[in-house]
Amino acid sequence: MKKNNPFTLTFGKQPGEYIYRYENTDTIVSTFEADNPISQAYLIEGVRGSGKTVLMTAIANIFSERDEWVVVDLNSTQDLITDFAQRLCAECNKIPNLLKSGFSVSVAGFGVGVNGIGQTQDNVGIIDSILSSLKKKNKKVLITIDEAMPSENMRFFASQFQIFIRKDYPIYLLMTGLYENIYAIQNDPALTFLLRTPKINMEPLSIPQITKQYKAIFKLETEDAHKMALITKGYAFAFQALGMLYYEYNDTLQWDELLSKFDDLLDDFVYKKIWEGLSEKDRELVRVIGTGVTSVSDICEKLQISNTSFPRYKERLLKKGVLSIAGRGLVELSLPRFAEVVELYP
């Protein structure tokens, strides 16, 4: 591998060459910093590899650099309330004179002594005490949860988060997830407040911006950089993968060989998982659409389905980030070289 490759395949890490999503970032940051925010939570949804975690990380980094904010990253596979209590304590111990005298975490049982009298609290009580102290100090807490999953764990955490909001604590939540997981979380009857929580849907990156970056990094003509950008279809992972491969192999491999490696990366890192998440009918539809723009009437004829039933399949694949509208009565696959990769799947 060549040194100083500005691209990365590591999920969630903000790469050296990063196309900033100004509108999404500004929407969330300005909302959370408003005196009367319209929402204290945002959900970021999108297909695997669309840049959800990178966007969340970029926003978390912005708040981490501001003195009035405490940022707590939670692990969605852990007990979220326990994880929050522990990590909040750890972050607040870095702030001088924040917690009351005697407020400390014990080694066993995670008890907290308040005012030195040895009184213990459960995790919710610990969090409540710290949030109260933070509010008095005019500090805010941002919680980030990557790849949120519908579960009893999430249900309890979200319900408790709503209670903290009702107490007027300065607490904010940013979660990422796949469409189907965010949908399940929002439509849980016990979590009605999340149904009203605004969502950021990860759109493709700007082709002109990708073109500009490829042109500058690789010293290409505009036409050549634009052709590379079009191959990515604005898919965030593809932008990084193609850039990484071109940086490594443009002087040693033919273009077809480089594209073959590109397909392998897409397959290994994201497309296998995406394919596993599709129903048998969805897979049939993907295969019928193929590599180009296809008319809805042709799809219905080949799959032997009616025009009235097709919208149901279309809507599902649109929300999953697999399909895009190419014109009136026309659709195409939104993921770059998806058809070429899945053609080899059994």
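The model is predicted, so local features are reported only at a pLDDT of at least 70 and side-chain atom pairs only at pLDDT 80 or more, whereas totals for chains, interfaces and linings use all residues. Residues are numbered from 1 along each chain as its sequence is written, and side-chain values use heavy atoms, with hydrogens and water left out.

Confidence comes first. The pLDDT, which is the predictor's confidence in each residue on a scale from 0 to 100, averages 89 over the chain, and 91% of the residues score at least 70. Residues 105-109 have a pLDDT below 50, and this stretch makes 4 contacts beyond near neighbours in sequence, a contact being heavy atoms within 4.5 Å. The pLDDT is also below 50 over residues 112-117, a stretch with 22 such contacts in the model. Where pLDDT is low, the predicted coordinates should not be read in detail.

A residue is called buried under 20% relative accessible area, exposed over 50% and partly exposed in between, using a 1.4 Å probe and protein chains only. A nonpolar core is then a set of buried Ala, Val, Leu, Ile, Met, Phe, Trp, Tyr and Cys residues joined through side-chain atoms within 4.5 Å. In the largest core, which has 54 residues, those with the most contacts inside it are Tyr214, Tyr235, Tyr271, Ile274, Val322 and Phe338. Apart from this core lies another of 36 residues, among them Val70, Ala85, Ile130 and Ala148. In soluble globular proteins, nonpolar side chains tend to be buried together.

The structure holds 0 disulfides, a disulfide being a pair of cysteine sulfur atoms within 2.5 Å. For Cys89, the closest cysteine sulfur is that of Cys92 at 7.2 Å, which is too far for a bond. Cys89 is buried, with a relative accessible area of 3%, and Cys92 is buried as well, at 1%.

Helices and strands are DSSP runs numbered from the N terminus, helices being H or I of at least four residues and strands E of at least two. In helix 6, which covers residues 179-186, the buried residues are Tyr179, Asn181, Ile182, Ile185 and Gln186. These residues lie on the same side of helix 6, because they cover an arc of only 165° around the axis; the arc is taken over the directions from the helix axis to the C-beta atoms. Their packing partners are strand 1 (41-45), helix 5 (152-166), strand 6 (171-177), helix 7 (192-195), strand 7 (199-201) and helix 14 (310-319).

Lys320, in the loop between helix 14 and strand 9 (323-327), is buried at 15% relative accessible area. Its side chain reaches the backbone oxygen of Gly277 at 3.5 Å, and Lys320 also touches residues including Val47, Tyr179 and Glu180. Thr144 sits in strand 5 (residues 140-145) and is buried, with 3% relative accessibility. The side chains of Thr144 and Asp73 make a polar contact at 2.5 Å. Gln40 belongs to the loop between helix 1 (22-33) and strand 1 and is buried at 18%. A polar atom of the Gln40 side chain lies 3.5 Å from the backbone oxygen of Tyr169. The C-alpha atoms of Gln40 and Pro170 are separated by 8.6 Å, although these residues are 130 residues apart along the chain.

Finally, two backbone angles deserve mention. Most residues other than glycine have a negative phi. Glu147, however, has a positive phi near 50°; this residue lies in the loop between strand 5 and helix 5 and is partly exposed, at 25%. Lys233 has a positive phi of about 55°. Lys233 is found in the loop between helix 9 (222-232) and helix 10 (236-249) and is partly exposed, with a relative accessible area of 29%.

Definitions and conventions:
Polar contact = N/O pair within 3.5 Å; in protein donor to acceptor, adjacent residues only side chain to side chain. Lists of a residue's contacts leave out its neighbours within four places in sequence.
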